[in-house]
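Colleague: Can you walk me through this one? I'll ask as we go.

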Amino acid sequence: MQLKTILLFLFVIQILFTLAMKYLSYQGDNSSQLHEQILKYFTEVDIQKGIEYARSGFFASVLSDLLDFVVAGLFVFSPLSMKLESYLEKKTGNRFYLTVLFFFLIFSAVQFLISIPFQYYFGFVLEHQFGFSKMTFPDWVVYTGKSLGIAALGGSIAVVGIAFLLKKFRRSWKYLLPMISLVFGLLFSILFPIVITPLFYEYKPIEEGNLKTKIVALCEKAEIQIENVYVINESKYSGHTNAYFTGWGENRKIFLYDTLIQNHTEEEIISVLGHEIGHWTHNHQVKDIVIGTMETLVLCFILSYLFQKFKTEGSISLREFYSPSTLPFLFLLLSLFGSLTRPVWSALSRTQEIEADIEALVLTNDKKSFINTEIKLAKDNQGRLNPHPAEVFFYHSHPTTLERIHLAEAWKE
Ligand SMILES: [Zn+2]
């Protein structure tokens with residue numbers, strides 16, 4: 001069988017799988033046993049609200065996914081990529097890096113134009129309908145424009161940089177690329193809170209008082225050094241709540257959403273932070289980076305091997321590995337591999353979340369606040385309380401709310 005036929009077959013399987021998962025997510029888990037367990041902590045209204053929020057925009061999201069597949073399919077299985085590359089070569093007078101840059105920008109612009117009505121519908125219309133978004137329309141335009149600008153700039157630098165690497169180091173790029181992306185990943189995680197976060201949010205150090213004293217005590221108990229605790233104005237955008245750590249070593253910062261402070265008791269906030277500290281003490285970020293780098297290394301070898309196979313067979317027209325017209329082909333292969341490795345990453349993430357939950361319980365010795373936090377978070381974010389097990393297996397980064405509550409219930413103080 002031709003390689004092109006196999007690729008097309010896998011592509012169709014991926015589309016069908018995506019649709020099947022959408023359907024299962026829509027359905028959720030309707031077992032009466034689960035329903036009863038949920039009712040110990042939530043009301044029928046909570047369950048219903050979670051279902052409505054999860055189901056909202058179902059057909060729009062199916063359409064959005066299908067359009068993405070159509071664009072990807074057109075660029076890979078038709079001569080479109082080749083034609084675009086030849087056209088850009090003529091326009092730029094055969095300047096390689098300019099051709100790469102324009103190809104990437106045009107490819108991204110097509111995807112952006114298709115996604116923008118959906119971004120507006122999901123990020124603005126539905127978020128207002130469910131009472132989360134506080135943004136006015138101009139706010140939303142500015143927010144989306146900034147995100148787009150950052151993505152276009154970051155993506156352009158990355159793509160031109162990778163093209164340079166592939167062209168100049170035709171053999172050793174497979175080792176260089178994972179190492180360089182590791183360095184940039186680390187650099188990015190340091191620069192993100194300093195450069196990107198201030199573009200969207202204002203944040204200030206937390207006020208002196210009870211909460212800060214408790215946070216400092218918690219960090220001392222966990223033997224963690226922090227530079228400071230900041231409150232970030234998420235309420236400007238939405239009612240969603242969150243807290244996170246950023247930075248490394250002595251530059252570690254804690255960011256608390258102001259929405260979290262408004263809606264939760266001090267004990268509950270401490271419980272949330274205990275969880276975040278758990279991620280630090282178990283080195284989850286470092287482990288993820290190490291595993292990610294190894295995955296990139298393996299992928300580089302697989303992509304290079306498959307490219308040679310396809311090119312030799314000639315059923316899909318390909319030029320050089322570093323040619324811009326190869327980009328959609330590589331993106332498609334990456335997306336197929338992503339579908340295969342996704343459940344592994346999800347399972348790893350859920351394991352880490354459980355570790356962090358246990359750390360929160362150990363540090364705070366306060367399972368009541370832990371459970372109350374879970375209940376409040378689910379209610380405030382209108383979380384789906386009865387997701388389908390297949391959805392959890394493939395996509396969920398966190399255990400379900402009920403699983404987390406059960407973990408805490410089983411905990412002996
Ligand atoms: Zn977590």
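Modeller: One term before anything else: buried means under 20% relative accessible area, exposed over 50%, and partly exposed in between, with a 1.4 Å probe and protein chains only. The model is predicted, so to speak, by record: local features need pLDDT of at least 70, side-chain atom pairs count only at pLDDT 80 or more, and totals for chains, interfaces and linings use all residues. Is Asn-365 buried, exposed or partly exposed?

Modeller: Asn-365 counts as partly exposed, at 41% relative accessibility. Asn-365 sits in the loop between H13 and helix H14 (367–380). Helices here are DSSP runs of H or I with at least four residues, strands are runs of E with at least two, and both are numbered from the N terminus.

Colleague: What is the phi of Asn-365?

Modeller: Near 50 degrees, which is a positive value in a residue other than glycine. Most residues other than glycine have a negative phi.

Colleague: Where is Asn-94, and what is its phi?

Modeller: Asn-94 is in the loop between helix H5 (80–91) and helix H6 (96–129). Its phi is positive, about 65 degrees, although Asn-94 is not a glycine. Asn-94 is exposed, with a relative accessible area of 61%.

Colleague: How many residues of H11 are buried?

Modeller: 13 of its 16 residues are buried, which makes H11 mostly covered.

Colleague: Switching to the sheet. What is the strand order?

Modeller: Four strands form an open sheet in the order S1-S2-S4-S3, and the pairing is mixed. Strand S1 (203–205) and strand S3 (243–246) are at the edges with a single partner strand each, so one side of each is left without a neighbour in the sheet. On average, neighbouring strands of this sheet are turned by 30 degrees against each other, direction ignored. For that angle, axes are lines fitted to C-alpha atoms, for helices over the stretch in contact, and angles run from 0 to 180 degrees between N-to-C directions.

Colleague: Which pairs are parallel and which antiparallel?

Modeller: S1 and S2 pair in the antiparallel sense over three bridges. S2 and S4 pair in the parallel sense over five bridges. S3 and strand S4 (residues 253–257) pair in the antiparallel sense over four bridges. Two strands count as a pair if DSSP finds at least two bridges between them.

Colleague: Which residues stand opposite Lys-253 in S4?

Modeller: Thr-246 stands opposite Lys-253, and Asn-228 stands opposite Lys-253 too. Elsewhere, Tyr-244 stands opposite Phe-255 in S4, and Pro-205 has Tyr-230 in S2 as its bridge partner.

Colleague: What is there between S3 and S4?

Modeller: Their hairpin has six residues between the strands, and Gly-247 in that hairpin takes a positive phi near 85 degrees.

Colleague: Which faces of S2 are covered?

Modeller: Both faces are. Asn-228, Tyr-230 and Ile-232 are on one side, Val-229 and Val-231 on the other, and all are buried. In a regular strand the side chains alternate between the two faces of the sheet.

Colleague: Now the second largest pocket. What is its volume?

Modeller: About 1,200 Å³. Of the 36 residues that line the second largest pocket, the closest to its centre are Ala-158, Val-159, Ile-162, Leu-177 and Ser-181. On a 1 Å grid over the protein atoms alone, a pocket is an open set of points with protein on both sides within 12 Å along at least five of seven lines, and lining residues have an atom within 4 Å of a point. Grid points are joined across faces, edges and corners, and a volume is the space filled by probe spheres set on the points.

Colleague: Which helix gives the most to that lining?

Modeller: H7 does, with 12 residues. Helix H7 (137–168), helix H8 (173–200), helix H12 (284–313) and helix H13 (327–364) each supply at least two residues of the lining.

Colleague: And the lining by class?

Modeller: It has 31 nonpolar, five polar and no charged residues. Ala, Val, Leu, Ile, Met, Phe, Trp, Tyr, Cys and Pro count as nonpolar, Asp, Glu, Lys and Arg as charged, and the others, Gly among them, as polar.

Key: Residues are numbered from 1 along each chain as its sequence is written. Side-chain values use heavy atoms; hydrogens and water are left out. On a 1 Å grid over the protein atoms alone, a cavity is a set of points where a 1.4 Å probe fits but cannot get out, and a pocket is an open set with protein on both sides within 12 Å along at least five of seven lines; lining residues have an atom within 4 Å of a point.
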